[in-house]
Amino acid sequence: MGTSGTLRVFVCFMLTLAFAEKTPLYIGGFFPMTGPNSNEGQTTLPAVQYAIDMVNNRSDILPDHEIVLVWNDTQGSNTVSMKLLFDLIQTPPKKLMLLGPVMPKMAAHVAEAATAWNLLQMSFGARTPDLNCRTRFPYFYRTLGPDQVFNPAKVALFQHFEWKRVACLYEDDKYKIYSTAKDHFVDLWKAGGNEIVASECITDTGASLDKLKQHDARVIVANIPVNKAKQVFCEAYARGMCGKKYVWVMLGWEAGSWWDNPSIPCTCSTQELKEITDGMIMMDFMHSDVGTQEAFDVNPTDFEAYIRQKSSYYDKYASYAFDGAMSLALTLDQAAKEGVTLETFCYKNETYVRTFSRIMSDLVFYGLTGKIGYDAKGNRKGHTSITQIQGDERKLIGKYCPFDKKLTLYDDTPIKWRGGGIPKDGFSRERRTHHLPHGALLAFVCIGVTGALVCVAFLIFNIKNRKHGYIKLSAPAINNAILIGCILAYGALILNGVDGRVVVPDNLGFVCNARVVVLAMAFTIAFGAMFTKTWRLHQIVANKTACKRVVKDLGLVTSIATLLGIDGIILITWFTQDPLDRSIIKLPEQSDPSDSDRLIQPLLEVCSCKYGGYWVAVLLAFKGLLLLFCLFLTWQTRHISIDAINDSRYSRMSVYTVALVSLIGVPVFYLLGVNNIAAVYVISPICIIVCTSVTISLIFVPKMHAVWKDPNGVIDNKLLSGVDIKQVVPIDTLTQKMETKSRLEVMLLEKEARIQQLEQALNSSLTSSTA
């Protein structure tokens, strides 16, 4: 502090002692009267003095004391500010509190040093987030806090309009004012289960805006300085990010009409900027929410006139400075009422500053900038005004009260949306679980039930006519197995349509496992029975040696049981180790034809497990080997046409049909993928229907026709293709006779060969004799 400043303080001190009737309380002040930011000092010093004079002239605030402001010029320098702090402390009288500085870095240096002397400090302009640190700045308060104090109001407003998707555009400045506010908003927003679709820095404004648009950002929070806002929104206008689909939200406490300010460079015209600012929402402290009596009988208009008279310049810092000074005065007043002896204040006694800090934290009053209180970090909290740019005007549309966390929107000045309705926060997404259409489900169920009933009818027919000659010769026990397998296949067709509409979703896991078991057993029983019939025929016609080989029905049934046993081992191991369960697959989103802003998210219920692909591969490998072996045997016996034994060409046609459908259907199913609706709902049921229906039609319809044609069971000998059999015999007997016939044919061929040899020898002898 210079010589003149020291003399001024000393004179004030002596005059106070000589003439004052009240006990003086001294407050140190820091104001930039010259140098950088001198405008703030020239408006805030008169405001602070105005508040102090008003307090000193009132009888309800500090009636036995008066406040004396001891201040000096910081000259906009951090070094000068620190020197002034030491001068204030070393020069009597003692200063109970500090007021200022206004600049963030300067305020931080003073606050950190002032902690050593247990001094409470009030600032009215430092907005940097680092001042929130109570470890470094335990006694620092401010009437103009960081930008994050407005974030609860943003969250409340967005929730009111049921927006869930929000994007952020911010500047990464050296003081982290905007980036910290953005981070705080992101944390607050996500805590409510909402989504941040994108968060972009304006280092490369064009690229950042492109990313916002790419992510379909509609509601955008802009934490950017006013001097850059004009060009940022100009580039947003060039990308069409304006109009009824977009909502821009930014702070308005320092905004003014920046879009009309010719001193801020921009490549867009004013009219173009109005296209994007029209409908913009801004937030500020609620200056207009002040009652005359509540604000110490201070008329805001008279206050502004007074400041302009003193400095010929006015900005909002003046109001914040007034409220900061009033906060200190009210804190000292409450301390005095609690019996604190303010006259004996000592820098080394921490009790004073702790008491002041406690009182300040509980303080709530109305000032020129609205309702005022302080949070746990020393930041001012108050009503947030919510304004909207409507045309050329900023209109107050609502307020947010942080004390009761209540949002109020005004009916007399309603918010106006350019599209007439509340903008959407992006494409609205509707989840739709795809199920088998009711018509297709009904069709499949009807086919399944009808097919199963037909199989039952054939089964009854087969059992009832089991002693009929034609039926008896075609191995009725194996035919019964084919029918049982077909019944199970039709049952699997019905199970395929069971989904979350039919059973509780939690029980779908059981249905999933049942589908696999029933279908696997159906294939093994039905196709395994056809395999055994083909194998038996192959054994008969391929065995032309003299040894006797009889293939009985019991052996064929045992073969089917063995195949089922292999199935059982695979399925039991699968479902005990890694059972199937219901899972939901998200299919690619689709646009709703009836609403361009709506996206449909199709969901598909499928059965899956952790290692499902491996288990299916094992099962398909087993079935595939059975299929290939049966095809081989069928091909080997393709020229045999003993209808009574192997149902002739009909059995072969059934095998070929099943093989063809399986070899086409299974690869197509897995190529399309289990998340393909056609694969799940169409391919599998059609394969089941075709294979099963063709099999029962080819195998059993000719039998019904034969029985209808010959009810007595007389077998035409032509059916046996030359087999000399006079009566209907059991299949085992027929097999023996077929084998005997084969042996006789072989013996006949051997005899004929011997005869030819003897004839050749005889002819040779005759020729020799003649010669």
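The model is predicted: local features need pLDDT of at least 70 and side-chain atom pairs 80 or more, while totals for chains, interfaces and linings use all residues. Residues are numbered from 1 along each chain as its sequence is written, and side-chain values use heavy atoms, without hydrogens or water.

Start with the whole chain. The protein chain has 771 residues, and 50% of them count as buried (under 20% relative accessible area; exposed is over 50%, partly exposed in between; 1.4 Å probe, protein chains only). It holds 22 helices and 20 strands (DSSP runs, H or I of at least four residues and E of at least two, numbered from the N terminus). Take the contacts in the chain with a separation of 6 or more: 74% of them join residues 24 or more positions apart (contact: heavy atoms within 4.5 Å).

Now the open sheet. Five strands form it, in the order β2-β1-β3-β4-β5, and the pairing is parallel (at least two DSSP bridges per pair). Its edge strands are β2 (65-73) and β5 (140-142), and each pairs on one side only. From one strand to the next, the twist averages 25° (axes are lines fitted to C-alpha atoms, for helices over the stretch in contact; angles run from 0 to 180 degrees between N-to-C directions).

Helix α3 (residues 78-90) lies across β1 (23-31), β2 and β3 (95-99), and runs at about 165° to β1. Helix α11 (residues 317-337) lies across β1, β2, β3 and β4, and runs at about 155° to β3.

All 7 of its 7 residues are buried, so the rest of the structure largely encloses β14. In a regular strand, side chains alternate between the two sheet faces. Here Thr384, Ile386, Gln388 and Gln390 point one way, while Ser385, Thr387 and Ile389 point the other way.

β14 has antiparallel partners. Strand β10 (residues 281-285) joins β14 through 5 bridges. Ile389 has Arg394 of β15 as its bridge partner. The β14 and β15 hairpin has 2 residues between the strands, and Gly391 takes a positive phi near 75° there.

The search of the whole structure finds 6 cavities of 30 Å³ or more. On a 1 Å grid over the protein atoms alone, a 1.4 Å probe fits in a cavity but cannot get out; a pocket is an open set with protein on both sides within 12 Å along at least five of seven lines; lining residues have an atom within 4 Å of a point. Points join across faces, edges and corners, and volume is the space filled by probe spheres set on them.

The second largest cavity holds about 120 Å³. Of its 17 lining residues, Gly243, Tyr246, Asp278, Gly279 and Arg418 lie nearest its centre.

The second largest pocket has a volume of about 510 Å³. It is lined by 18 residues, with Gln148, Val149, Pro152, His184 and Leu188 nearest its centre. Helix α5 (151-160), helix α6 (177-191) and strand β13 (380-381) each give two or more residues to this lining. α5 gives the most, with 4 residues. By type, the pocket lining divides into 7 nonpolar, 6 polar and 5 charged residues.

How values were computed
Ala, Val, Leu, Ile, Met, Phe, Trp, Tyr, Cys and Pro count as nonpolar, Asp, Glu, Lys and Arg as charged, and the others, Gly among them, as polar.
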